[in-house]
Amino acid sequence: MKGVSILGSTGSIGVSTLDVIARHPDRYRIVALTANRQVDRLLEQCRRYRPKLAVLKDEQSAQQLRQQIEAEGLDVTVQAGQEGLNQAATHPEAPIVMAAIVGAAGLLPTLAAVKSTKQVLLANKEPLVMAGDIIMQNAKQAGAVLLPIDSEHNAIYQCLPDRFEVVGQGPLNPGLAALGVKRILLTGSGGPFRTHDPQALANVTPAQACKHPNWSMGPKISVDSATMMNKGLELIEACRLFACSPEKIDIVVHPQSVIHSMVEYVDGSVLAQLGNPDMRTPIAHALAWPKRMVSGVSSLDIFKVARLDFEPPDSKRFPCLLLARQSATVGGTSPTILNAANEEAVAAFLSGVLAFDKIPAIIGQTLKGMASIAAESLEVVLEADYQARQLARDIIGSAVIEIANRHQS
Ligand code: NAD
Ligand code: MG
């Protein structure tokens with residue numbers, strides 16, 4: 001019986017993880033669950049999965065949950081804030097930690113899990129983008145096992161030889177080139193606006209942007225998919241996880257989302273991982289690793305799929321792709337700045353103050369306004385994240401005022 005902590009249990013990945021775990025009550029036990037402010041959903045999960053620890057972001061929400069837990073006589077400790085998240089990430093009874101918080105908020109708990117030598121199931125891609133080297137170094141030092149949950153990275157991992165390990169290069173794991181890998185083909189659906197009139201992108205609503213053609217996901221990653229920044233973040237994520245340079249990775253638009261990514265070898269072989277677009281497959285893969293187990297995902301009906309299409313990405317329509325590739329090449333704190341500006345721009349779009357087509361400009365201007373420096377410590381990364389958010393908010397503020405003035409005149 002293995003204990004599991006789920007950071008971000010009320011989100012899309014968190015709920016899928018609980019679904020997979022519920023199919024294997026003889027193998028996994030839920031030790032800790034955490035959420036932002038969703039008291040009711042977390043209470044529901046506490047009733048069903050009986051964790052030892054439940055964590056909410058602020059003390060007020062935690063107090064509400066605590067009262068309910070006590071009233072129902074459940075044996076669950078309720079904590080709040082960073083300290084609570086830290087306890088969930090490092091809980092001695094949970095060797096497996098699912099990192100499924102959205103955004104930079106997941107950085108510290110993910111790092112804490114890595115440092116305490118957990119098997120870390122990494123869905124939360126933003127920490128890898130903003131502080132990839134630091135996470136990888138700490139994982140190596142602590143001997144933590146990192147397993148990618150992002151469907152593309154999980155697919156790439158499955159297409160690499162068994163002896164490849166995400167962390168640590170040595171005689172057994174000599175790196176991609178020595179394993180005969182020529183390049184990685186990172187696939188993406190192209191999102192809901194792949195064929196949308198570019199002129200009309202100014203007027204798309206958050207609801208339209210969040211309606212992904214193939215995947216059901218949280219709002220932030222759905223908007224990232226619509227701008228294709230998700231693929232840009234994934235490019236950086238792949239560079240970190242597989243220790244390769246951005247030139248080794250080609251982005252391929254594949255609207256059906258059946259192939260989840262491919263690896264090309266020097267002999268001309270191209271290995272792909274296929275399956276229905278359902279995150280329970282990578283989640284089950286990483287939970288059971290190195291074995292396999294049932295995930296609840298239905299068989300791929302290859303006859304129904306019938307055809308697979310591929311297109312090069314359109315970086316004119318989706319400038320975020322170029323911004324992310326440039327950032328990956330520059331390195332240092334550039335991806336930290338990119339990620340922070342993107343989170344701010346997406347939040348402004350979701351709250352209705354920023355037009356969809358302004359998101360790339362906000363990120364581009366933030367990157368121009370800040371110099372990239374070596375991301376040599378967590379303090380440097382957190383400072384770059386803070387400064388980039390301040391700058392991005394200023395730029396968003398000016399953009400919003402300019403549009404308001406234009407409407408008035
Ligand atoms: P979501 O918005 O559905 O869920 C996010 C979870 O994090 C929720 O439990 C929420 O309560 C919690 N949370 C949010 N802000 C928080 C904060 N400030 N502090 C503490 N907890 C907080 O998001 P999701 O779609 O499940 O995505 C989670 C992560 O996984 C993201 O980084 C995303 O990029 C990545 N991912 C998701 C999918 C997917 O299919 N949903 C696929 C690949 C990668
Ligand atoms: Mg993905």
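1. For this note, Ala, Val, Leu, Ile, Met, Phe, Trp, Tyr, Cys and Pro count as nonpolar, Asp, Glu, Lys and Arg as charged, and the others, Gly among them, as polar. With those classes in hand, the shell around ligand 1 in this predicted model can be described as 11 nonpolar, nine polar and four charged residues.

2. Ligand 1 has 24 residues around it, and those that come nearest are Thr10, Ser12, Asn36, Glu126 and Gly218. Helix H1 (12-22) and helix H9 (219-227) each contribute at least two residues to this shell, and at least three residues come from each of domain 1 (2-148) and domain 2 (173-277 + 298-329).

3. A polar backbone atom of glycine 218 is 2.8 Å from an oxygen atom of ligand 1, while a polar side-chain atom of glutamine 38 lies 3.0 Å from an oxygen atom of ligand 1, and for an N or O atom in the side chain of asparagine 124 the distance to a ligand oxygen is 3.3 Å. Ligand 1 taken alone exposes 830 Å², and the protein buries 91% of that area.

4. Besides domains 1 and 2, the domain assignment gives the chain a domain 3 (331-409). The C-alpha centres of domain 1 and domain 3 lie 28 Å apart, and where these domains meet, 10 residues of domain 1 are in contact with 11 residues of domain 3.

5. Which atoms give 73% of the area buried between domain 1 and domain 3? Carbon and sulfur atoms do, out of a buried area of about 790 Å². On the domain 1 side, Val129, Met130 and Ile134 lose the most area to domain 3, and together they account for 57% of what that side buries.

Definitions and conventions
Residues are numbered from 1 along each chain as its sequence is written. Chains are lettered from A and ligands numbered from 1 in the order in which they are written. This is a predicted model: local features need pLDDT of at least 70, side-chain atom pairs count only at pLDDT 80 or more; totals for chains, interfaces and linings use all residues. Side-chain values use heavy atoms; hydrogens and water are left out. A residue is near a molecule or strand if one of its heavy atoms lies within 4 Å of it. A polar contact is a pair of N or O atoms within 3.5 Å; within protein, one must be able to donate a hydrogen and the other to accept it, and residues adjacent in sequence count only if both atoms are side-chain atoms. Accessible areas come from the Shrake-Rupley method with a 1.4 Å probe; for residues, only the protein chains shown count as cover. Helices (H or I, at least four residues) and strands (E, at least two) are DSSP runs, numbered from the N terminus. Domain bounds come from an automatic or database domain assignment. Contact means heavy atoms within 4.5 Å. Buried area is the accessible area (1.4 Å probe) that two parts lose on being put together, summed over both.
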